[in-house]
Each structure stands twice: as structure tokens, then as C-alpha cells.
Amino acid sequence: MRLVLTLLLTLAGSTALAASPEDDYIAARDKAIADITAQESANTAIETIDAQNEKALADLQQRLAAILGPLSVKGFPATGTNNIESLNASDIGYGMLDGLRYAQSDDGPSIIVSTRGLTERWLKSKSAEAEADFKLPADIGAALKLDGFYTQAIGSDAAFSGTLDFSLTKPEGADVVVARLGGWTQDVGPIYEQHVVVAVVKGDRVMIAEAPASPAVPKIAACDSIWAAADAAAQKAQQADEGSDQDDPQASDPANAAWEKGDADYRACMAQRLPGDPSFPTLLKQAQDLADGMAGK
């Protein structure tokens with residue numbers, strides 16, 4: 001009897017120490033990143049590195065599919081592809097949120113799905129970033145309110161710039177719902193191709209939907225005027241600096257400050273005026289529908 005009890009306790013201890021599927025995924029991902037980094041350091045041919053990258057991504061996609069299971073949201077495919085675009089730190093798309101992207105088309109709506117555990121691990125690494133531009137809070141709810149989260153988690157070659165936050169009715173069973181209107185850009189100034197981005201945390205799932213705003217966000221003359229005035233002031237300041245010492249890192253500060261303030265003022269104007277536009281109720285419904293769909297309502 002004592003021998004049987006000892007064996008049972010040993011088996012229980014082994015089970016408790018066994019790696020979870022998420023642990024296995026992280027271990028496989030980190031090993032692949034380390035291998036690719038080592039090959040780059042050894043000046044391995046880029047074709048060889050790219051082939052290894054694709055093979056590792058395919059393996060990680062299978063692991064994530066086993067962890068997440070099929071997606072069940074109307075209008076979206078059941079199977080997804082890697083949200084991470086590369087495991088090579090030299091490539092665009094490296095370091096994105098671990099998860100799968102379920103897309104209707106290349107340019108259409110998509111949903112990125114991860115788990116709480118994977119998202120928390122990802123945010124923990126971002127909270128330890130030394131550079132302020134890349135630092136994010138470790139808390140999921142706090143991170144979902146920041147432009148920087150979407151830039152790093154689901155963007156690859158542009159930054160997300162928020163216009164306003166939608167106030168949604170939280171679907172039943174959802175723990176966190178954040179809905180934002182914004183756009184992807186590589187510069188300051190108006191973004192006329194806006195997207196509705198909705199994040200839902202429910203149970204063990206973290207889901208982020210992105211869809212082109214429908215209808216398209218209208219131009220608001222008063223807000224465009226704010227940006228035009230700021231742009232003119234920045235260009236004037238830039239011209240005044242043309243004869244200054246080009247080695248002076250502060251030479252272009254007045255121009256950059258004018259552009260950045262104009263961008264912030266423009267977005268504040270849009271956030272204030274857009275809710276009064278006839279298009280806004282439809283945009284709000286689009287965000288609510290995405291939240292409800294992901295929550296299974």
C-alpha cells in the first residue's frame with residue numbers, strides 16, 4: 001500500500017511539473033529565434049535563414065492552432081495564420097503578439113486571437129523595455145487603451161494612431177472590452193483611411209478585431225483647418241532652420257513640435273466633432289457588432 005501511494009504521489013508530482021502547451025510554444029519560439037540569431041551572426045546565407053524562419057513559423061502556427069482551437073465568429077474563417085510575421089529580429093514583423101490572425105481577405109476585416117497567458121507574457125517583456133517608445137504596462141486592460149499596444153501587437157510597418165474611443169455595451173461574459181477608431185501611419189497628420197479596432201478579453205481568450213471603418217470617416221473642415229495651419233507653421237519653422245547648423249540636433253525642434261502639436265490638436269478636434277456626424281451611429285454599431293461577435297453573443 002505504501003509503495004502504491006508513493007508511486008501515485010510521484011506521478012502527481014511529475015504531472016504538476018509537466019510543461020503546458022503554452023510553455024512548449026514559448027520554448028520552441030525562443031529556440032527558433034536563438035537559432036536564427038546565431039545563423040545571422042555566422043553570416044549564413046539569407047536564403048538558408050529565410051527557409052529556417054518559414055519552417056519555424058509553420059511549426060509555431062500548428063502549436064497555436066492546437067492551443068486555440070478553431071475560431072467560431074460569423075463571417076471569419078475557422079483557421080488562422082501566424083500573427084508574428086518573422087522570427088528574425090532584423091525583419092519587419094518581428095516581436096508581434098503571439099497568436100493567430102483570422103482574415104476574410106488581405107485588406108478586409110481580421111481577428112487576432114491569443115490567450116491571457118501568452119498576452120501576459122508578451123506584455124511582461126514589453127514592460128521591461130528600456131526605451132520609453134516601446135514600453136507597455138503589464139496589465140492587459142491598461143495596455144489595450146494605448147496606441148502603442150496595437151502598433152506593436154498587430155501592426156508591422158506602421159504605427160497606430162487613435163482618433164477616439166467608442167463607448168460600447170459590454171457583451172455578456174466578457175471581462176474587458178475596448179473599442180477604438182484610428183489609423184495606421186508612418187507620419188503625423190490626418191489619416192483618412194480609418195479602422196475600427198475592438199479588443200475583447202473573455203475567459204482565457206484575448207481577441208482583437210480590426211476592420212476598415214464603414215462608412216468611411218468623413219473629413220471635418222474645422223479639423224482639417226487646424227492641421228493645415230499647423231503644417232504651414234511647421235514648414236515655415238523648417239525653412240527658417242535651413243541656414244542653421246545642420247549638426248545641431250535641436251535645429252528642427254520647432255518644426256517637429258509644430259507638427260506634433262498640430263497632429264494632437266487635429267485628433268482632439270475629430271474626437272470632439274465626429275460623434276455629432278451622421279455617420280457616427282453606424283460606426284458605433286460596427287464596433288458593437290464586432291465586440292458581440294467575438295464574445296459569442
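How many helices and strands does the protein have? I count nine helices and seven strands, taking helices (H or I, at least four residues) and strands (E, at least two) as DSSP runs numbered from the N terminus.

Ground rules before going on. This is a predicted model, where local features need pLDDT of at least 70 and side-chain atom pairs count only at pLDDT 80 or more, while totals for chains, interfaces and linings use all residues. Residues are numbered from 1 along each chain as its sequence is written, and side-chain values use heavy atoms, with hydrogens and water left out.

**Overall**

I put a box around the C-alpha atoms along the principal axes and got roughly 85 × 50 × 35 Å. Of the 297 residues, 41% are buried; for me buried means under 20% relative accessible area, exposed over 50%, and partly exposed in between (1.4 Å probe, protein chains only). I also looked at contacts (heavy atoms within 4.5 Å). Among those with a separation of 6 or more, 62% come from residues 24 or more positions apart.

**Two domains**

An automatic or database domain assignment sets the bounds here. Domain 1 takes 72–216 + 286–295, and domain 2 takes 219–233 + 254–276. Their C-alpha centres are 25 Å apart, and 10 residues of domain 1 are in contact with 11 residues of domain 2.

Next I looked up the buried area, meaning the accessible area (1.4 Å probe) that two parts lose on being put together, summed over both. Between the domains it is about 880 Å², with carbon and sulfur atoms giving 70%. On the domain 1 side, V188, P190 and Y192 supply 48% of the area buried against domain 2, more than any other three residues.

What about charge pairs across this boundary? I find zero salt bridges between domain 1 and domain 2, where a salt bridge is a side-chain nitrogen of Lys or Arg within 4 Å of a carboxyl oxygen of Asp or Glu. Strand β4 (residues 159–166) gives the largest share of the side of domain 1 that touches domain 2, with four residues.

**Helix α4**

I then turned to α4 (residues 116–127). Its 12 residues reach 16 Å from first C-alpha to last, close to the 16 Å expected at 1.5 Å a residue; the expected span is 1.5 Å times one less than the number of residues. Which residues of α4 are buried? They are G117, L118, T119, W122, L123 and K126. I see them packing against several elements, including α2 (21–41), α3 (46–68), β3 (110–115) and β7 (205–212).

**Salt bridges**

The count for the protein comes to 12.

- R121 and D23 meet at 2.5 Å, N to O. This pair joins helix α4 to helix α2 across 98 residues of chain. R121 is partly exposed at 35% relative accessibility, and D23 is partly exposed at 31%.
- D35 pairs with K31, the closest N and O atoms being 2.9 Å apart. Both sit in helix α2, four residues apart, about one turn. D35 is partly exposed at 29%, whereas K31 counts as exposed at 54%.
- D147 and R180 meet at 2.7 Å, N to O. D147 belongs to helix α6 and R180 to strand β5 (residues 176–185), 33 residues apart. D147 is partly exposed at 21%, but R180 is buried at 8%.
- R29, D30 and D98 are linked in a salt-bridge network.
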